[in-house]
Amino acid sequence: MSRDDKLLGPFSRRLSSRLLLLLALLTLPLQWWVESPGRFMFDDWLGFHAGFGFLSAGLLVLLASLVGVIVKRRRDYYDDSGGLE
Amino acid sequence: MLATPPWLILLVAAAALGFLRPSWRPLLVLGAPLLALYGVWQMADGVLLSAPFMGYQIELVSSSPLRRLFATVFLLICLVGGLFALRHARWWEQSAALAYAAGALGVCFAGDLITLFLAWELMVIFSTVVVWCGGTPAARRAGIRYAIMHLIGGVILKIGVEGIVTQTGTYQIQALPLDNFYAWMVLAGILVNAAAPPVSAWLADAYPESSPTGMVFLSAFTTKTAVLSLILLFPGESVLIWIGLFMAFYGIIYALLENDMRRMLAYLIINQLGFMLCGVGIGTELAINGAAAHAFSHVIYLALLVMCAGAVMIQTGKRRYSDLGGLARCMPLTASCMMVAVLSLSALPLTSGFIAKAMIAQALVEQEQILLWLLLTATSAGLVIVGTRMVWLVLVRERKRDVQASDPGWNMRAAMVAFAALSVLLGSFPELLYGMLPYVTDYQPYRAGNVINQLQLLLFAGLAFFLLHPLLKRTSAVSLDFDWLWRVVGFRLLRLVVESLLKLFQGAEQFAQTLGQRCWQDIVRLAGPYGYLGRRWTATDMLLCMVGLVGALLLYRFLL
């Protein structure tokens, strides 16, 4: 296995996703130590931004998948749709 | 102090480029923006150059901190984009790009609506040429659609400008209240260039068809001059908030759907413009600062992404995710720059995206627009998905066997590194950017709470990508956009109308022909050689006829 394959292989990809999870989880307790901006009610809630980021990203992916069902057409759609080409 | 208008320097350079020897051209391509940049930084505030034009005294150069900010970033694009294109683009593309930049600078420093309109049209002409420089049949067709859309936008803008000039007698650039038809027309004309729905599709239609080098210029000038014009003419108009919000969601959803890397970037531009329009719509000093800062930083990191995508396209000949993968191995520098651009796009602390977006977010909170804040923050989480997906599919995922590539030439590498470094520099030292903003600000983006909140948002959105990315299939398909309305529905309707009219004319012609034939047959039957009138009459018939006619005449005279 080459050096490049080690860097970008399946093992490395698994490791980086786990590292990301660890980093993400680490930011949760950090919230106790730092002063919250307290800009509005739920700004202070523990993990609000984490949950909001996860949920909104997930919802956007689902929404995009649904929209995709409606708007996706084959690649040559405009070539033979009788449209302005 | 003003020696020469900065746009004139670029226009002269654009005109002279074709006459120079190839070995001298780089000097002009890089020297002209540098000279213009020096001129911009030497400018004092106020009207610096005016001239009579068709009975009006127009202000060709009017300077302010906001205008200088936009001019600076446009000239940076001109310089670094020129460097990126140096050994790849033909001279006429570079010449068109310089003239296009001159138009953008003309808008930046326009002191009145007439100058703004003239510079606006200059941009339309040369941006169309830049699209055409893509050199493919698709680029030619997209360029024509782009020109039609922008010429219509120009006509709308002109109607508005003329109406305002004749109605109020003033044509200076100042905030226009949206209380009359002409102000709405000016707004509509500008929104065409800002790629606001329902005419947003021109951006994703035309920009990806330009050359890998041409898109760097296109990604910066047209839409950002529209943002500047909105800041100057319509600050605080709440309608912009809702248009901006729609653009943010529309852009991110379509970017998530795209399989074509360059079309995805085009949708990202629309998404980011949505943030800027929201800032302009809020209209407070902090929000305007945020919109201006975001425009500045966005131009840099988006141009960086466009350069990286362009480098990938030049080196591999491919632009679809389904055809790419594993390029981090063979294009390490391009991969590193793409990572920086994606992190900046996601607004990671220490990048330029963070310091700009944080300002808009703070302005929303100060105006108690919490729902709006939530919605825009949700699209920020979507940006993490889009960026991570790009990195994953182009750089990390298993390599396609037929893709052989290496980092591009020295000029392209230098251009990408320059913008990556600038993005990190601005993010690390926000006062560099904040010092150029139109309003003095003491806003501090790097509060511990802010940073932790942002990191939580980004990291957990990134986790959502790893869980859900199989849902975003890389289908080799095209996503129908608003342009479907005129490319298919509109065209079919037009064809239906033309065909109906043709049928109507054919029917009328046939009817007239049949009627004529029948009339002729009746005449022949009546007066032809064998018709009733044509045959030989007997003396009795003639006499009876004469008597009848004389009797009728007498009766007529008698009764009247």
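Which side chain makes a polar contact with the side chain of B:E258? It is that of B:R263, at 3.2 Å. The views below come from a predicted model, where local features need pLDDT of at least 70, side-chain atom pairs count only at pLDDT 80 or more, and totals for chains, interfaces and linings use all residues. Residues are numbered from 1 along each chain as its sequence is written, chains are lettered from A in the order in which they are written, and side-chain values use heavy atoms, without hydrogens and water.

View 1. B:E258 lies in the loop between α11 (239-257) and α12 (261-282) of chain B. Helices are DSSP runs of H or I, at least four residues, and strands are E runs of at least two, numbered from the N terminus. A polar atom of the B:E258 side chain lies 3.4 Å from the backbone nitrogen of B:D260. A polar contact is a pair of N or O atoms within 3.5 Å; within protein, one must be able to donate a hydrogen and the other to accept it, and residues adjacent in sequence count only if both atoms are side-chain atoms.

View 2. B:E258 counts as buried because its relative accessibility is 2%; buried means under 20% relative accessible area (1.4 Å probe, protein chains only). Leaving aside neighbours within four places in sequence, its contacts (heavy atoms within 4.5 Å) include B:Y321, B:R389 and B:S479.

**View 3. Lining of the second largest pocket.** The lining has 21 residues. By class, 15 are charged, five nonpolar and one polar. Here Asp, Glu, Lys and Arg count as charged, Ala, Val, Leu, Ile, Met, Phe, Trp, Tyr, Cys and Pro as nonpolar, and the others, Gly among them, as polar. A pocket is an open set of points on a 1 Å grid over the protein atoms alone, where a 1.4 Å probe fits, with protein on both sides within 12 Å along at least five of seven lines; lining residues have an atom within 4 Å of a point. α6(B) gives the most, with four residues.

How values were computed: Buried < 20%, exposed > 50% of the residue type's maximum accessible area, 1.4 Å probe, protein only.
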